[in-house]
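The entries below follow the order in which I looked things up.

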Amino acid sequence: MSHLILTTNDRAESTLRQTRLANVVLGFYPRFVWTKLPSEERLLMGLERRSEKHSNPGDHWLSDACPDALDGFGTRDIGLFELCAKFDTIEIWVDPRPNDQLVLVWLLDLLRPHREITTKLSLVHADDRIADYAPESIAKWKLPAFKVTESHLVMASRAWKAYRAETPESCFDLLMTDLAILPRLRSALIAVLEELPDSVTGLGATEMDILDFVNDGHTDPRRVTEAWWIRDVFDEDGARDALLELGAHSVPAVLFGDPAFNNEDRYFGRSEWKVTLTELGRSIFAREDDMWRHNPIKRWWGGTELTNERLWRWDRETRSLVKP
């Protein structure tokens with residue numbers, strides 16, 4: 001029996017490959033949080049057999065795969081559907097983090113029309129980040145593998161469509177439905193909704209965590225960006241982008257560096273500088289001012305473009321969506 005494991009991030013892929021639980025372990029690495037979503041056409045193209053269309057680094061889903069990742073099952077030019085056809089059983093191992101849950105619903109929605117694949121597909125839901133454990137420990141786990149049913153596929157398609165919608169309303173409405181068939185999806189959607197601009201401060205939850213770190217006395221930008229670990233919605237690049245927006249791209253600035261947030265050396269320890277809250281930063285942290293009263297916003301949340309004129313917000317007190 002040939003067995004394929006698919007994972008929802010690169011670190012889980014690396015860890016699971018060392019367990020030897022499957023003939024082949026491969027991961028998907030798209031970031032669907034704090035960025036404009038790729039078009040459905042571009043996402044699908046990335047999963048096709050490699051061709052002249054995949055001319056840029058990262059265009060093909062196996063661009064970063066290990067050279068021997070597919071030993072005995074093809075080359076790194078193969079497409080996803082072609083590869084899945086080679087295996088008797090397929091499992092998707094899913095981390096609980098919000099981006100991983102979004103990758104899951106994207107994958108299930110993508111595979112839904114391919115019954116020859118979905119009939120041999122199962123889901124393994126990890127309670128924690130897979131990469132935080134040693135491979136030999138994971139090899140002994142007894143996590144259940146849930147056979148994918150039409151109900152899984154329908155719910156995933158609904159969630160993916162909602163996240164890609166032009167407003168966050170469909171995602172918020174999903175919270176009023178039974179999401180138990182995808183057990184980590186509800187908490188993931190709540191975490192992502194909390195990253196919408198706050199109804200008072202205009203900042204998302206992770207951005208407020210960054211201000212909290214600075215207010216607590218942390219001045220090293222590398223330490224400050226570690227605030228993303230609290231919620232695990234962003235990745236390191238997203239946290240660094242948030243830090244830049246609060247500093248160099250905010251006029252007046254919310255955070256102040258010495259002398260500015262525009263030198264890459266400072267992020268890699270080649271230059272010393274400190275982060276402090278500005279007067280505006282202190283006012284926002286105290287929930288006495290609004291970031292977007294002073295600044296223009298042009299940001300994407302799923303399929304929703306946020307601008308000053310079309311600014312969807314999150315009310316943390318009532319845990320509800322606030323329309324523009």
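**Sheet**

The model is a predicted one. I then looked up the strands around this pair. Strand β4 covers residues 121-125 and is joined to β5 by 2 bridges, with the two strands running antiparallel.

Next I traced the sheet as a whole. I found 5 strands in an open sheet, and the order reads β2-β1-β3-β4-β5. The pairing is mixed. As a reminder to myself, strands of a sheet pair through backbone hydrogen bonds, in either the parallel or the antiparallel sense.

Which strands stand at the edges? I noted β2 (24-27) and β5 (146-147) there. Each has a single partner strand, so one side of each is left without a neighbour in the sheet.

I also checked what lies across the sheet. Helix α1, residues 10-17, lies across β1 (3-7), β2 and β3 (89-94). Its direction makes an angle of about 170 degrees with β2.

**Helix pair**

Two packed helices are described by the angle between their axes and the distance between the axes. I looked up both values for α4 (residues 98-111) and α7 (residues 150-164): the angle is about 115 degrees and the axes are 8 Å apart. The crossing of α4 past α7 is left-handed.

I listed the residues that make the contact. From α4 they are Leu 102, Val 105, Trp 106, Leu 108 and Asp 109. From α7 they are His 152, Leu 153, Ala 156, Ser 157, Ala 159, Trp 160 and Tyr 163. By class I noted 9 nonpolar, 2 polar and 1 charged for this contact.

**Hairpin**

I moved on to the pair formed by β8 and β9. Strand β9 takes in residues 304-307 and pairs with β8 in the antiparallel sense over 4 bridges. Lys 298 has Thr 307 in β9 as its bridge partner. The hairpin has 2 residues between the strands, and Gly 302 takes a positive phi near 60 degrees in it.

**Cavity**

Rolling a probe the size of a water molecule over the atoms shows where empty space is left. How many cavities of 30 Å³ or more are there? I noted 1. The volume of the largest cavity is about 80 Å³.

I have the classes as 8 nonpolar, 1 polar and 2 charged.

**Pockets**

The largest pocket holds about 530 Å³ of space. I noted 21 lining residues, with Tyr 29, Pro 30, Leu 43, Gly 58 and Asp 59 nearest its centre. Helix α2 (residues 40-46) has the largest share of this lining, 4 residues. The lining divides into 10 nonpolar, 6 polar and 5 charged residues.

For the second largest pocket I have a volume of about 430 Å³. It is lined by 20 residues, and Asn 9, Asp 10, Arg 31, Arg 97 and Asp 235 are the closest to its centre. At least two lining residues come from each of α1, α4, α12 and α13. I counted this lining by class as 7 nonpolar, 3 polar and 10 charged.

**Backbone**

Last, I looked up two backbone entries. Where does Asp 232 lie? I placed it in the loop between α12 (228-231) and α13. Asp 232 is not a glycine, yet its phi is positive, about 65 degrees.

The other entry is a peptide bond. Between Val 251 and Pro 252 the bond is cis, with omega near -5 degrees. I found Pro 252 in the loop between α13 (236-246) and β6 (255-256).

How values were computed
Residues are numbered from 1 along each chain as its sequence is written. This is a predicted model: local features need pLDDT of at least 70, side-chain atom pairs count only at pLDDT 80 or more; totals for chains, interfaces and linings use all residues. Side-chain values use heavy atoms; hydrogens and water are left out. Two strands pair if DSSP finds at least two bridges between them. Contact means heavy atoms within 4.5 Å. Axes are lines fitted to C-alpha atoms, for helices over the stretch in contact, and angles run from 0 to 180 degrees between N-to-C directions. A crossing is left-handed if the near helix is turned anticlockwise from the far one by less than a right angle, and right-handed if clockwise. Ala, Val, Leu, Ile, Met, Phe, Trp, Tyr, Cys and Pro count as nonpolar, Asp, Glu, Lys and Arg as charged, and the others, Gly among them, as polar. On a 1 Å grid over the protein atoms alone, a cavity is a set of points where a 1.4 Å probe fits but cannot get out, and a pocket is an open set with protein on both sides within 12 Å along at least five of seven lines; lining residues have an atom within 4 Å of a point. Grid points are joined across faces, edges and corners, and a volume is the space filled by probe spheres set on the points.
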